[in-house]
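Take a first walk through this protein. Look at the sequence and the model, then read on.

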Amino acid sequence: MKRNFNPTSIYLFIEMAASTFFPMIFVASSLYQVTVAGLTPLQLVLVGTTLEVSAFIFEVPTGVVADIYSRRLSIIIGYLLMGLGFLVEGFFPAFGPILLAQVIWGLGYTFTSGASEAWISDEIGEEHANKLFMRASRFGQYAALLGMGLAVLIGGTNTAVPIRAGGLGVFLIGVVLMLTMPETGFKPTPREDRDTWRQMVFTFKEGIQAVRARPRLKTILWIGLFYGLYSEGFDRLWVKHIIDNFDLPAFFMGNQVAFFAALRAVGTILTIIVMRSIEKRLDTSQPQVIGRAMLLVTGLLSAGLIGFVVSPLLGLTLGLFLLIMVVRKIAMPLYTSWVNQKLDSGTRATVLSISSQVDAIGQIAGGPGVGLIAKLVSVVAAISTSGLLLTPALFLVGRANVQSREQDEVA
C-alpha cells in the first residue's frame, strides 16, 4: 500500500538519489565509450546526437501526458526507462547497442523533464519551488560526491561496473516513487473529457501560446537553444581531448576512472561552495536578478571553453574545466527558475518541456557539425567551435534583461 510522504522530502530524495547514480554512470561512460567500446570522435558525438533526437521527438508528447494524466506517473515511468537504458549500455559495449541505450534513456528523461518541476510547483507553490530548485541543486552536489566515490571503488578494474550499478540505482528510484510519491496539487483532465490526441494538441498549443504571449520567455528559450548548440561537442569530446593531449598524473597509477572521478569531485566541492553563497544572496523571484546572474555565467562559460581547448598546460586545462563545470551547474537551476516564473499550472509541464526540447534542437543542430570538424580537422577545432557557438547567448541574455525591465515598468 502506497504511503504518501512530504512533497519537499520526495523532491529532495529524487534529486539526491539521481545525483548519486548519474555521476556514477557519467564518470565512467565517456571512458567506457572511448576505451572499451572503441568509439571514434564522430561516433562519440553521434551517440549524443541520438540521445538528443530522442529527447526532441518525445519531449512535448511526454510533457503533455504529464499535464493531462499525472505528473507522478510520468516521473515514475521516466526513471524506470532511464535505468533500463543505462543497463543496456553497461552490458553491451558496441556502437549499435549504445545508440539503442540512448533512445531508451532519452525517452525516459523526457517523461521526467518538466514533469518534476511542474509536480513540485503544484504541490508546494511556485515561489517555494523556485527556492527549492537551488536548495536541491546544492544538496545534489553532496550526493554527487558519493556517486563519484562509489564509481572509483567499483570501477577501477572494469569501467562498465559503475554504469551497470548506476543504471540499477536509477531504476530503483522509480520503484521507490511508486510507494511514496504523493500527488494532491494536480487536477488531471476528467476521464470523460479525454480525447487524448485532441487534448494533447490543445495543451501543446496552449503552451506555445503561453510562450508567444511573453516576449521575455521567447528570448529565454532562444538562450536555451544556444546553450544546446555549444554543449554537445564539449560533453562528448572533453575526455578524449585530455586523454589524447596530456599524460595523467603518476599519482593515479594509470587508474583513469579515479583521475576523472577526482576531477569531478573537486568541481563538485567548488560548486557546493559557490552554490551555497548564491542561494543566500540571489532572489530567484526577481527575473532581473536571475538575468544578471545568467549574463555573468554565460560570459565565464564561453571564455572558459576557448581557454580549455587552447591551453598547453595540464594544470591550466584542468582549472578551466573546473570553471566550466561550476558555472554550468549554477546556470541549470537559474535557467529553470527563469522559465518557470508566472506559468499557468495547466501548461507548466508543457512549457518546461518545450524549454528542454529547444535545448535538444540545439544539440541536434550543433552535434553532427562539431563531430565532422573533430573527424576532418581535430578535437581541438571541434571544441573551439563549441565555445564560439555559445557567444550569441550573451546578446540574448542582455535582451531578456531589457524586456524584464520594460515589463516591470508596464506593470
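Start with a term: on a 1 Å grid over the protein atoms alone, a pocket is an open set of points where a 1.4 Å probe fits, with protein on both sides within 12 Å along at least five of seven lines; lining residues have an atom within 4 Å of a point. Rolling a probe the size of a water molecule over the atoms shows where empty space is left.

The model is predicted: local features need pLDDT of at least 70, side-chain atom pairs count only at pLDDT 80 or more, and totals for chains, interfaces and linings use all residues. Residues are numbered from 1 along each chain as its sequence is written, and side-chain values use heavy atoms, with hydrogens and water left out.

Now the pocket itself. The largest pocket is lined by Val274, Ile278, Leu282, Ala293, Leu296, Val297, Leu300, Val326, Val327, Ile330 and Leu334. Two or more lining residues come from each of α10 (256-281), α11 (287-310) and α12. The volume of the largest pocket is about 150 Å³, a volume being the space filled by probe spheres set on the grid points, which are joined across faces, edges and corners. What kinds of residue form this lining? The lining holds 11 nonpolar residues, no polar and no charged ones. Here Ala, Val, Leu, Ile, Met, Phe, Trp, Tyr, Cys and Pro count as nonpolar, Asp, Glu, Lys and Arg as charged, and the others, Gly among them, as polar.

Step back to the whole protein. It has 15 helices and 0 strands. Helices (H or I, at least four residues) and strands (E, at least two) are DSSP runs, numbered from the N terminus. Of the 411 residues, 56% are buried. Buried means under 20% relative accessible area, exposed over 50%, and partly exposed in between (1.4 Å probe, protein chains only). Among contacts (heavy atoms within 4.5 Å) between residues at least 6 apart in sequence, 87% join residues at least 24 apart.

Next come the charges. The structure holds 4 salt bridges. A salt bridge is a side-chain nitrogen of Lys or Arg within 4 Å of a carboxyl oxygen of Asp or Glu. One of them joins Asp122 to Arg71, with the closest N and O atoms 2.7 Å apart. Asp122 lies in helix α5 and Arg71 in helix α3 (residues 71-91), so the pair ties together parts that are 51 residues apart in sequence. Asp122 counts as buried, at 16% relative accessibility. Arg71 is buried too, at 0%.

Glu123 sits in helix α5 (residues 115-124). Glu123 is buried yet has no salt bridge. Which side chain of opposite charge is nearest to Glu123? That is Arg71, 7.6 Å away. Lys and Arg count as positive and Asp and Glu as negative; His and the chain ends are not counted. Leaving out residues up to four places away in sequence, Glu123 touches Pro7, Glu183, Thr184, Gly185 and Phe186.

Move to helix α9 (residues 215-245), where Arg236 and Glu232 are 4 residues apart, about one helical turn. Their side chains meet in a salt bridge (3.1 Å, N to O). Arg236 and Glu232 are buried. The side chains of Asp235 and Arg328 form a salt bridge (2.7 Å, N to O). This pair links distant parts of the chain, with Arg328 in helix α12 (residues 314-340), 93 residues from Asp235.
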